[in-house]
Each structure stands twice: as structure tokens, then as C-alpha cells.
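This report concerns the salt bridges of a protein model and the contact between its chains. Please examine the sequence and the structure shown here before reading on.

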There are 2 protein chains.
Amino acid sequence: MPREISVEPIVAAFAGAPVRNGLRNRLYLAVRQAILSGRLPAGAELPSSRSLARELGVARNTVLRAYELLLAEGYLEGRGGSGTFVSERIRAPQGTMTEGAGGNGQVAVSARGKTLLAHAASSRLQGGAFMPGIPDVSHFPFAVWRRILGRYLRPEQRHLAQYGYGGYGPLKTVLAQYLGMTRMMSCTPQQVVIVNGTHQAVDLIARVLADVGDRAWMEDPGYWGARNVLQAAGLEVVAQPVDGEGLAIRPEERERPPRLIFVSPSCQYPTGAVMSLGRRLDLLEYAERHGSWVIEDDYDNEMRFHSQPIASLFGLSRSQRVIYVGTFSKVLFPGLRLAYLVVPPSLAEAFTVANAELYREGRLPEQAALAEFIDDGHFSAHIRRMRPLYRERLETLRELLSGELGTAVSFLGGHAGLHLTVQFAEPLDDVAIAASALNEGVICRPLSRYSLEASTRRSGMVLGFAPVPVERMRRPVEILLRAIGAHRRPSGQGAGG
Amino acid sequence: MPREISVEPIVAAFAGAPVRNGLRNRLYLAVRQAILSGRLPAGAELPSSRSLARELGVARNTVLRAYELLLAEGYLEGRGGSGTFVSERIRAPQGTMTEGAGGNGQVAVSARGKTLLAHAASSRLQGGAFMPGIPDVSHFPFAVWRRILGRYLRPEQRHLAQYGYGGYGPLKTVLAQYLGMTRMMSCTPQQVVIVNGTHQAVDLIARVLADVGDRAWMEDPGYWGARNVLQAAGLEVVAQPVDGEGLAIRPEERERPPRLIFVSPSCQYPTGAVMSLGRRLDLLEYAERHGSWVIEDDYDNEMRFHSQPIASLFGLSRSQRVIYVGTFSKVLFPGLRLAYLVVPPSLAEAFTVANAELYREGRLPEQAALAEFIDDGHFSAHIRRMRPLYRERLETLRELLSGELGTAVSFLGGHAGLHLTVQFAEPLDDVAIAASALNEGVICRPLSRYSLEASTRRSGMVLGFAPVPVERMRRPVEILLRAIGAHRRPSGQGAGG
């Protein structure tokens with residue numbers, strides 16, 4: 001074997017190596033690259049650390065440390081104390097590992113990955129007029145939250161810093177009590193499962209109770225997020241229309257019972273319909289007869305403006321076919337990422353185990369802080385503080401819009417929640433209207449986008465009034481009105497297709 | 001219609017209704033139950049609020065409020081101002097909704113739910129000797145963390161309280177720099193995806209890059225958690241054995257390329273093998289040729305006791321077939337639930353969108369706190385503080401065991417990570433040994449349980465030394481030795497099947 005001492009390839013590679021991360025790393029990468037590209041062939045002897053250091057103008061120690069790493073990883077080998085050599089066992093791959101061959105350019109996302117991406121609707125923008133589904137966090141008592149949370153981030157509470165299993169007991173107890181008081185839900189703490197959001201709740205339900213290919217009924221129009229999560233979990237999502245009484249199951253679909261039925265009965269999202277008692281009883285009877293599970297999404301029940309919270313579907317189901325999903329995102333702050341399920345007693349163990357297995361629980365300090373926050377009355381106080389503010393914003397928005405648009409619009413819901421749904425009398429292109437408004441910095445969600453099927457599609461907008469103080473509402477409303485105006489046909493011409 | 005005023009059914013139901021949640025709720029539930037069971041038939045007139053209050057011994061207001069709720073929900077209806085009646089539209093379901101019919105007793109978990117539950121291995125117990133995979137959190141600088149986190153839970157930082165999208169920029173930047181320095185990984189912040197744990201990372205990868213029924217190779221023995229998550233995501237998990245050089249793909253399996261290959265090359269879990277350079281190059285070449293994706297689980301690279309961190313597989317892959325997964329659970333505290341992926345540039349957008357869509361991001365205050373914690377040097381300081389402590393515990397445990405057991409055991413790994421893997425020279429029943437130890441309060445994981453296939457199964461134990469200070473190690477070791485002793489055959493007798 002020729003005893004050539006190869007300096008030149010290393011010097012060249014070093015010149016081209018990334019400078020960002022320190023000299024030792026840079027030299028390591030250079031030598032490695034030279035080896036893998038074959039320019040430093042297997043068995044070649046490397047220069048001594050002293051001579052290479054001199055050649056590159058770096059400290060000898062830098063070279064020694066780089067060599068050590070390459071030796072440890074098998075790129076280099078020593079031979080009885082005399083010299084350092086490129087390992088004999090390196091096969092320089094043909095063409096694969098050459099410098100700059102950055103990837104084969106093929107993006108091989110899976111079929112279900114493609115579907116997920118195609119339907120993805122989470123917004124990059126997360127605030128301002130009129131983003132629906134987000135609260136006004138400027139009034140959140142951060143100082144109180146910080147103080148309480150801080151009590152659980154201490155050495156004496158270090159047991160809370162480990163993985164969790166089955167959630168934090170006192171939080172589940174507080175929640176069970178709270179739900180008993182406000183939703184007539186009779187449940188034990190064991191039936192409460194803490195998760196990090198509604199999406200995870202729906203995903204967990206789909207994994208535990210449904211198999212790939214099972215059918216799931218979704219309200220249509222309905223919450224896009226739940227639809228996407230159910231689809232991503234491999235379920236076949238079937239749209240069911242919604243009317244003034246809530247979910248209105250198509251007669252022909254009743255012959256094809258689903259595994260899961262997703263409803264928001266207290267305040268249908270986005271139409272605001274409250275599921276009537278007759279429909280509730282019918283749904284529960286149907287679910288029991290066919291072994292379907294009902295997912296009750298109770299996302300905004302704290303923010304009711306004109307009445308008491310409506311008793312839950314969960315509490316009405318004697319045969320316990322309902323999984324209740326609640327969240328703190330709208331009442332506290334969305335970034336907290338805390339939500340919960342209430343499951344029938346027979347499923348409590350299964351959901352607890354599955355939750356821990358799929359997601360590895362934790363965040364006990366936050367759960368403990370939330371339990372104390374609720375127990376000490378801060379939760380109720382915050383809701384009481386926000387409710388009149390939100391009601392005022394809702395009413396202001398409604399007045400400003402109806403003042404200008406009159407009978408060109410009607411309003412759906414508006415009795416609860418952080419959004420106002422506007423339906424256009426004419427079938428305007430609400431997607432184009434939303435795009436125009438977005439150009440001027442105002443977010444609104446086209447109502448048509450909430451529908452899977454054309455037959456349930458309505459033209460309108462879902463507007464989040466919560467983040468907009470009344471004194472700052474005029475301007476974004478003007479932008480909205482301009483966008484609508486730009487897409488309305490002059491009166492006298494037909495609405496057209 | 002008979003004008004009977006029905007007091008008796010209400011009084012009876014009230015007596016039996018849950019007392020926990022206030023009188024108004026109790027009465028509401030009682031009347032509702034009486035209606036749904038048919039004891040208060042459709043059209044029946046209810047007693048006046050005054051007379052019912054007198055009958056039950058409650059305030060008239062309580063009755064009025066209960067009636068209001070029942071009216072609002074459709075159980076009762078008024079008739080022109082004179083009297084309150086059970087709604088005509090209530091069909092009392094036959095036998096379905098009767099009191100006490102608590103569920104049909106059938107637990108209908110799905111097939112994949114059953115599989116998940118059957119293989120679930122997350123432990124209810126989360127601490128103490130010798131729970132593997134958890135750090136000693138008693139030395140974590142909670143005061144520093146609390147202070148830094150508190151800076152981001154303030155009104156002036158309220159934009160951090162909203163939903164996230166694409167993670168917190170400065171954290172991704174800090175991570176990209178850190179990985180460049182310590183793992184020779186050249187990546188941009190855009191390639192970093194923040195998730196809430198390794199399980200979620202693997203789940204995300206499986207959903208974006210693989211379809212149901214696709215094949216995934218797992219090291220065997222290997223990390224049960226990743227195996228279960230991959231199976232739960234619908235993949236067919238195929239075990240590949242591990243030897244002293246890491247993953248050793250069976251020759252016949254090479255004909256059946258998988259979509260995903262899960263490896264822990266820096267420190268194979270649980271055997272501790274470091275994947276040799278030759279195997280690394282072979283794996284990357286194979287992955288590129290067949291379009292497989294390699295998941296690199298780098299769970300414990302900070303805790304190396306005898307050498308520099310080993311350069312990542314990710315950094316070695318010119319064709320970018322590696323998804324790198326790292327976590328803070330072992331270095332900070334597991335309950336924090338923060339981890340990350342580093343994906344090839346071509347997949348950065350897809351993973352960002354999918355992550356937001358499936359899980360709805362948030363926790364920006366924690367991410368901001370972590371970025372500052374790392375930037376200000378607390379992260380490195382904590383690692384430097386813990387490393388000698390952990391090394392001492394590792395060595396103490398090894399000495400205590402080898403001192404008693406001698407050649408009856410050999411040790412695998414021990415050069416990195418928070419666990420020591422002990423292999424028994426004889427094929428002892430390690431599951432029984434673990435059960436005996438657990439009876440006396442000591443946790444150890446049977447090594448055999450880490451293997452899917454009998455052919456790779458080894459008898460031994462995986463011991464987490466991290467939570468055990470050296471001065472408290474003797475007692476749990478004694479318990480362990482007792483448990484082992486109880487299951488060893490006297491010398492001279494064959495090891496048997």
C-alpha cells in the first residue's frame with residue numbers, strides 16, 4: 001500500500017466546509033466528506049496533527065480533537081501507534097454520498113399524508129379580527145396563573161415533573177364536580193381523561209373505539225378540524241346535514257349506522273343550532289340500538305349569553321353511548337393545550353391506558369395549577385368578567401353588519417361561543433370575499449368551507465368577535481363590508497350559479 | 001286530556017336524585033327522570049312552583065329555576081300562561097331510558113383499540129429504583145426554570161398564549177445551532193418541528209410518510225413505545241435483530257424493503273450497541289435505494305460518559321433519508337413534554353402543516369422559556385452537573401451487581417443514557433424476577449420484554465440508575481439480588497428451556 005500522506009484533499013474540503021459550528025467540527029466534516037467521497041481512499045495515511053495544523057492555520061489541539069472523533073466513529077484507524085489511516089472498511093459508495101448531492105428531490109409523502117395535507121385548514125395566522133375560535137387573552141389573569149403555576153414548579157413538587165399516568169387526580173375531581181354543577185353530568189373523576197386539545201381527544205376516541213374504514217357521521221356544515229382528524233385516523237367521514245334543530249340525519253343514511261357520530265349539540269359549529277330535545281332522544285336511541293358512539297363536542301358552553309348552560313347529551317344518555325369532550329382553550333388561553341374527555345365508566349380504564357400509551361402523559365404542574373385555579377374561583381371569575389365583554393362585542397358586530405347590509409344577511413347562532421355566523425341572502429363567493437378581506441389584514445372564514453357536501457353548503461362568513469374590542473371594531477368591519485360589496489352583484493341581476 | 005296535577009312522581013324522584021350538586025340541579029334531574037321514564041306522561045300538568053316548593057321543603061325560587069331550565073330544554077311547555085305541562089312531543093322510550101339502566105355492559109373497543117391495550121406497556125409507576133428512562137429531577141433548577149417561564153406568561157407576551165403554528169422560531173434556531181455543534185447536523189430552523197414527546201414524533205412520522213399496512217423495521221430488542229405507536233398507526237412491524245454493531249438486518253428481509261426503519265444508533269435501546277460506521281453506511285445506502293425512511297431516535301446523546309457525542313446518522317445522509325428525533329425528557333424533566341424532529345428540507349413544509357393539523361400547536365411560553373434556558377447556558381450547565389452524578393450511580397450499581405453476581409451477569413451498554421442493561425448468563429425467568437422485585441417496591445424491566453421475537457429474546461434486566469443516589473442504592477440492589485437469587489437454579493443443574 002502506498003504511503004502517501006494526503007493533505008491536499010483535506011485542505012480543499014476544509015475550505016468548503018460549513019464555518020458555522022467551530023473549527024473542530026469544520027475539520028471533522030471536511031475529513032469525513034473527503035473520505036466518503038473517495039478523495040481520501042481507504043487505507044490512505046493522514047497527515048500528522050502538527051503538520052495539518054500548520055497547513056490549515058489552526059491549533060494542533062483542534063486537529064487532535066477532530067482526529068479523535070473520526071477514530072471513535074470508525075472513519076480512521078490507528079496502526080500500532082504509528083500514523084493515522086483511513087479505515088480499510090470504508091467502501092466509498094458510488095455516487096451516493098458525494099458532496100452536494102442534496103437529496104433525490106422526490107418528496108415521498110404517503111397517501112394518507114397527502115390527504116391530510118390537502119385538507120389541512122389550520123391557519124398560520126392566529127389572531128386579530130375576525131379569527132374565529134380564539135378568546136381575548138389580554139384580559140387573562142396571567143399574574144394569578146403564573147403565581148399558582150409557580151407553586152408546582154419546585155423541588156418539593158418534583159414528583160409532578162415526571163411522566164404522568166391517568167392525569168392529575170385533583171383536577172379530575174374538580175372537573176367532575178364542575179360538570180355535575182353546570183352540565184348535570186353525573187360522573188366520577190375516573191371517567192375524566194386529560195388530553196392536550198380537542199384534536200387529540202377526537203384522535204384518541206377514533207383509535208380506541210373505531211377501526212380503519214369504519215364510518216363516522218359529521219355535522220355538515222361542521223368543524224373542519226374534527227373532520228380532518230377522523231379522516232386522518234382512517235375513518236370514512238359521512239356528512240349529515242344540520243337544520244334549526246341540529247343534526248338532521250338523512251333517512252337513507254339511517255340504514256347504514258356509523259361507528260362514531262360527532263355532534264356539537266349545545267351550539268352547533270358553525271350554525272349555532274341547539275339540538276332539540278326530540279333530536280337528542282332520537283340520536284341517543286339510534287346510537288344505542290346500533291352500537292354507535294356519540295362524540296359530544298361542548299366547546300363553548302361557558303360562553304352563553306342569554307341562558308343557563310344547556311344540559312349535556314352525556315348526562316341524558318342512560319345507556320352511556322356518549323363521549324363528552326370539553327376544552328379550556330376558549331376560556332383560558334389556547335396555547336395552554338389542556339382539554340378533557342368524559343367517558344362512560346365501562347371505558348374509563350381503556351381510555352386511560354390508551355392515552356398513556358399513545359401520548360405519554362405529563363404536564364402535571366399545569367394540571368395542578370388548573371385545579372387550584374378552578375377551585376379558588378379564578379376560573380368562574382374570569383368567565384364572569386369576559387362574558388359581558390364578549391356579549392357587547394357580539395352585539396356591536398351584529399349591529400354594524402346589519403346596519404349596512406340589512407336583509408342581505410341573516411345571523412345564525414350568536415347565543416353562545418366566540419363567533420358570529422353570517423349567512424348571505426344571495427349565494428356570494430364567500431371564499432373570494434375572505435381572500436379580499438385577508439389582503440387588507442382581516443381574517444374571516446368562508447361559511448361554505450365548513451361543508452363537505454355541496455348540498456349543505458351555505459354562503460356566508462364565520463367571524464370571531466372575541467379578539468376585537470368594540471372601540472376597534474369599526475375599521476375591520478369596514479374592510480369586510482368593502483370585500484362583500486366588491487363581490488355582490490348589482491340589484492336586479494340574478495344571483496346566478 | 002285529564003287535568004291531573006302530578007306531585008307524587010316528582011317527590012319520589014327527588015328523594016332518589018343525586019344530592020351532590022345543589023337543590024336546583026337535583027330537582028331538575030328528578031323531574032327530567034320522571035318525564036323520561038314515563039311516570040310523568042306527555043301532557044301531564046306540573047304542580048305550581050309554590051305548592052311543589054312546599055311539598056319538597058325547598059325555596060320557591062329553586063323550583064322556578066328548575067322549571068325554567070326544563071322549559072328551555074323542551075321537557076316542559078307553557079300553555080298560554082296557565083300552568084306548566086310535560087311536552088307533548090316527548091316519547092317516553094320503551095325501556096331505554098329507565099332509571100338505573102346503567103349501560104348495556106358491553107365494552108365495544110375497536111380491534112385496533114384492543115391491540116393497543118393488549119400491548120400497552122406504559123407504567124403506572126413512574127419513579128424510584130430502578131425505573132429506566134427517567135432522570136433525577138431533584139437536581140433540576142426549578143427556580144431558574146420558573147423565573148424564565150414566568151417572563152413569558154404576561155400580558156405583554158400574550159401573543160404567545162394563542163395557538164402556535166410551526167413552533168417558536170427562536171427555539172428552532174437555538175436547536176439547529178445546538179445540533180450543529182454537538183451532532184454535526186447541518187440543518188436550518190425550518191427543518192426543526194417541535195412536538196410534545198417521542199411518541200408523538202413517531203406517530204407524526206408514521207402518518208405523514210407511511211400508509212396503513214406499510215412495513216416498519218424495528219430493532220429487536222428495541223423500544224416498546226415506538227413499536228406500539230407504529231402498530232397503532234397501522235403499520236406492520238417487523239423485528240430485526242441487534243448485535244454489537246447495532247441493527248443487523250436479516251438477509252432474507254432485505255428483499256422486502258420497509259417504508260420506515262426505526263433505529264437508535266448512538267446507543268441502542270436497550271442493548272447499548274453503538275451502530276458501527278459500516279452498518280450506518282449500509283443502512284443509508286439501503287434506505288436510499290429502496291425509498292425507505294430512517295427514524296433516528298437519539299434519546300440520550302447528552303448523557304455520554306466516556307466520549308464525545310456521536311455524530312448523527314442524519315448528518316451522514318447525503319440523500320436525506322433520515323428523520324432525526326430528539327427529546328428533552330431525559331435531560332430536563334419528562335413532565336415537560338417537549339421534543340423535536342429534524343426533517344429533510346424537502347419535508348419541512350409537509351411536517352409543519354401536518355403537525356398543526358393533527359395536534360393544533362401551542363405552548364409557546366414553554367418553548368420560549370426553553371430557548372432562553374438553552375441560550376443562557378442553563379441547559380449545558382445542568383448536563384455538566386448531572387453527568388458525574390449519573391456516572392457515579394452507574395458505576396456503583398455495576399460494582400454492587402458484579403460484586404455479588406460475578407460471571408452470572410454481563411453488562412450491555414453503560415456508556416451513555418440513564419439505564420444499565422444486565423444480561424443473565426443463564427436464561428432466568430426475568431419476568432418473574434421483576435415481579436418479585438416489584439413486590440418489594442423495586443422496579444426493573446425484564447430485558448426479555450423488549451423483544452418481539454423469541455429468537456432475539458435475552459434474559460436480563462434494564463435498570464434505571466438515574467433516580468437513585470449512591471447512598472441509597474444498597475437496599476434496592478439487595479432486593480434485586482434476592483429476587484434474582486430466588487429464581488436461579490442451583491449450580492450443577494442445567495439452565496433448561
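In this predicted model, A:Glu366 and A:Arg363 form a salt bridge, their closest N and O atoms lying 3.4 Å apart. A salt bridge here is a side-chain nitrogen of Lys or Arg within 4 Å of a carboxyl oxygen of Asp or Glu. Both partners are buried: A:Glu366 has a relative accessible area of 8%, and A:Arg363 one of 6%. The term buried denotes under 20% relative accessible area, exposed over 50%, and partly exposed anything in between (1.4 Å probe, protein chains only).

Residues are numbered from 1 along each chain as its sequence is written, and chains are lettered from A and ligands numbered from 1 in the order in which they are written. Because the model is predicted, local features need pLDDT of at least 70 and side-chain atom pairs count only at pLDDT 80 or more, while totals for chains, interfaces and linings use all residues; side-chain values use heavy atoms, with hydrogens and water left out.

Over all chains, the count comes to 32 salt bridges. Several of them are listed below.

| Salt bridge | Closest N and O atoms |
|---|---|
| A:Glu366 and A:Arg363 | 3.4 Å |
| A:Arg207 and A:Asp203 | 3.3 Å |
| B:Arg183 and B:Asp298 | 2.7 Å |

The pair B:Arg183 and B:Asp298 links distant parts of the chain, 115 residues apart. B:Arg183 belongs to helix H7 (residues 169-183) of chain B, whereas B:Asp298 lies in the loop between strand S8 (293-297) and strand S9 (322-327) of that chain. Both B:Arg183 and B:Asp298 are buried. Helices (H or I, at least four residues) and strands (E, at least two) are DSSP runs, numbered from the N terminus.

A:Arg207 and A:Asp203, by contrast, are 4 residues apart in helix H8 (residues 198-209) of chain A, and therefore separated by about one helical turn. An α-helix has 3.6 residues a turn, so residues three or four places apart point the same way. A:Arg207 counts as buried at 4% relative accessibility, and A:Asp203 at 2%.

Helix H11 (residues 348-359) of chain A provides the largest share of the side of chain A that touches chain B, 8 residues.

In total, 121 residues of chain A are in contact (heavy atoms within 4.5 Å) with 121 residues of chain B. The chains bury about 11,000 Å² between them, 55% of it on carbon and sulfur atoms. Buried area is the accessible area (1.4 Å probe) that two parts lose on being put together, summed over both. A:Arg112, A:Arg318 and A:Glu357 supply 7% of the area that chain A buries against chain B, more than any other three residues.
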